[in-house]
Amino acid sequence: MNYILSFEEISLKFISVGEQDALRTFLLRRLDNLTKDDKMQITMISTWATELYLDKINRLLLEDGTGTTTNTVTNSNSSAYRSVVDEFRAFLSDSKDVLDEATTMILLESYGRVDELVYFAGLKEQYEIVVHHYIQQGEARKALEVLQRHNVPVDLVYKFAPDLIMLDAYETVESWMMARNKLNPGKLIPAMMRYVSEPHAKNETHEVIKYLEFCVKDLNNEDPGVHNLLLSLYSKKADESQLLQFLDTKFGSGQANGPEFFYEPQYALRLCLQAKRMRACVRIYSMMSMHEEAVALALRVDLELAKAEADKVEDDEELRKKLWLKVAKHVIEQEKGVKRENIKKAIEFLSETNNLLKIEDILPFFPDFVLIDDFKEEICKSLKDYNSQIEQLKAEMDDATRGADNIRSDIGALAQRFTVIDREEECGVCRRKILTVGGLHQVGRSYTSVGHMAPFYVFPCGHAFHANCLIAHVTRCTSQVQAARILNLQKQLSLMDRKAAKDNGGTGNGESTVSSAPTVDKLRSQLDDAVASECPFCGDLMIKEISLPFILPGESVEKASWEIKPQPASQKILPMTMSI
């Protein structure tokens, strides 16, 4: 009878005789024969095999010729050692999905196999452990290579950014720049602030400034925190040119309805004042439209800068003059003394203001004991300018007087203006004769009657219309608002005519008519302006009718009468013959 040994018995026999290598081989073969359903056995045997590998590696280290124990591959020249380590790593790679992660890491750590621990953490995508190990070893490039992998969470980049930039600023910034828009520069600000707080050599390339410039110029970053940090770093540099260039650059000018700059002006002003960057402060004051403060500060720095700031104000003449007066006062106070050359130098300043300031504007700034001879030329020049201005105003007044006389003459001629109407002249609307006698066209007593003829309008172009016809035509063709106004004026005139007729019939005198005449004349003048300001056939009213349809909505019946209807099929068309 054949007796088959169990897995446990075979394992115990290998242990009893101290054959660890044979036991490890037996476990590996056992793993090959297990199915995927035996998950528990696979995990336990794989963990046992892991410990056997670690024991084998340690025994090889102990068997080193020196008799010393090491934990690095490079310290052993044994080919067997290297072979076992490579085999163990291959086993970890094949068994990464069946090994318990926590147990395996505890085993690797307890045996001091840091390299294999990092290797297994990478297999299990525990990149935080891997990056932390490389940082502890001072290997920033390897840590950055791990973080650059596509499956590494970007949060790890932000987490290890402070340590990496302190370890190797150049490699770290290059890695950030390669990532481009994948990273949010705002979340890297704490790391950059830590780097900035450390002292650096003057000739050293500032890596944070390099990265921030890349974000602002190449990535068009609009984060105010990024712009504020870059501005603060510029303000600390001895050379003010980069700061001034940054302030002059309008990074948001290409956007519609967007800000021209993204940093906070108040914060920038406070930084520049603390760093005593006065030219930058002048720029910021100017951008904030605080021109008086800009000029006052510029006068402490550079006179030419103050002049340039005063000239920037173009839309406010009074403010511009006030700023130039500040500059003039500073120039005069700067040229102290009563020497003729100093006074002339101050007076020459007037030519730089483009005639904005006169000699009388700056005279109060001179000392009281200055001789008038020193200002003789400028005073004579100013008097000549005033004289020419007076002559020009006098000529303008003469022109205005002549224009007023001409207008009065034209008004007087209007009262005598007349036109000749042919007796056959027709109304432009109803086509009846203008000089029609009858009551069909009477509008009311408000119109001046010519015998028994109906009131009418005659235009300079020659067109003539009965009053009622013109009112009806304009009301029909004009806008609804204007038509309502015309009808309202016509209604008021009619009511006042009836009231006047009633009052005259009851009192027998014309007092009521006389008292209401001004009101009637005013209403009639308004009606004339509304309907007869221009000829309806030659003015804007006719031009606007171009956009109107030929057939109006109310002319549907007229439109239907012009339709061509098909003839019934029963009707026959008889041929027509002609004999000559």
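Begin by selecting helix 25, residues 511-532, and display the side chains of arginine 524 and aspartate 528. These two residues stand four positions apart in the helix, so about one helical turn separates them. Their side chains form a salt bridge in this predicted model, with 3.9 Å between the closest N and O atoms. How accessible are the two partners? Arginine 524 has a relative accessibility of 22% and therefore counts as partly exposed. Aspartate 528, at 21%, is likewise partly exposed.

Next, move to helix 12, residues 207-218, and select glutamate 207 together with lysine 210. Both residues belong to this helix and are three positions apart, about one turn. A salt bridge joins their side chains, at 2.8 Å from N to O. Lysine 210, with 23% relative accessibility, is partly exposed.

Glutamate 426 counts as partly exposed because its relative accessibility is 37%. In general, side chains of opposite charge can pair when their charged atoms come close. The salt bridges in the model number 13.

For helix packing, select helix 4, residues 79-94, and helix 6, residues 114-123. Their axes are 10 Å apart and meet at an angle of about 25 degrees. Helix 4 is therefore roughly parallel to helix 6, and the crossing is right-handed. Which residues make the contact? From helix 4, show Val85, Phe88, Arg89, Leu92 and Ser93. On the side of helix 6, the contact is made by Asp115, Glu116, Tyr119, Phe120 and Leu123.

Proceed to helix 16, residues 278-287, and centre the view on serine 286. This serine is buried, as its relative accessibility is 14%. What does serine 286 touch, leaving aside residues up to four places away in sequence? Its contacts are His291, Ala294, Glu309 and Lys312.

Now zoom out to the whole protein chain. The secondary structure consists of 27 helices and two strands. Of the 580 residues, 33% are buried. Among contacts with a separation of 6 or more, 56% are between residues 24 or more positions apart.

Finally, colour the chain by pLDDT. The average is 76, and 77% of the residues score at least 70. Select residues 66-77, where pLDDT stays under 50. The model gives this stretch 18 contacts beyond four places in sequence. Then select residues 439-446, where pLDDT also remains under 50; here the model has 23 contacts beyond four places in sequence. Where pLDDT is low, the predicted coordinates should not be read in detail.

Key. Residues are numbered from 1 along each chain as its sequence is written. This is a predicted model: local features need pLDDT of at least 70, side-chain atom pairs count only at pLDDT 80 or more; totals for chains, interfaces and linings use all residues. Side-chain values use heavy atoms; hydrogens and water are left out. A salt bridge is a side-chain nitrogen of Lys or Arg within 4 Å of a carboxyl oxygen of Asp or Glu. Buried means under 20% relative accessible area, exposed over 50%, partly exposed in between (1.4 Å probe, protein chains only). pLDDT is the predictor's confidence in each residue, from 0 to 100. Contact means heavy atoms within 4.5 Å. Axes are lines fitted to C-alpha atoms, for helices over the stretch in contact, and angles run from 0 to 180 degrees between N-to-C directions. Angles under 35 degrees count as roughly parallel, over 145 as roughly antiparallel, 65 to 115 as roughly perpendicular and the rest as oblique. A crossing is left-handed if the near helix is turned anticlockwise from the far one by less than a right angle, and right-handed if clockwise.
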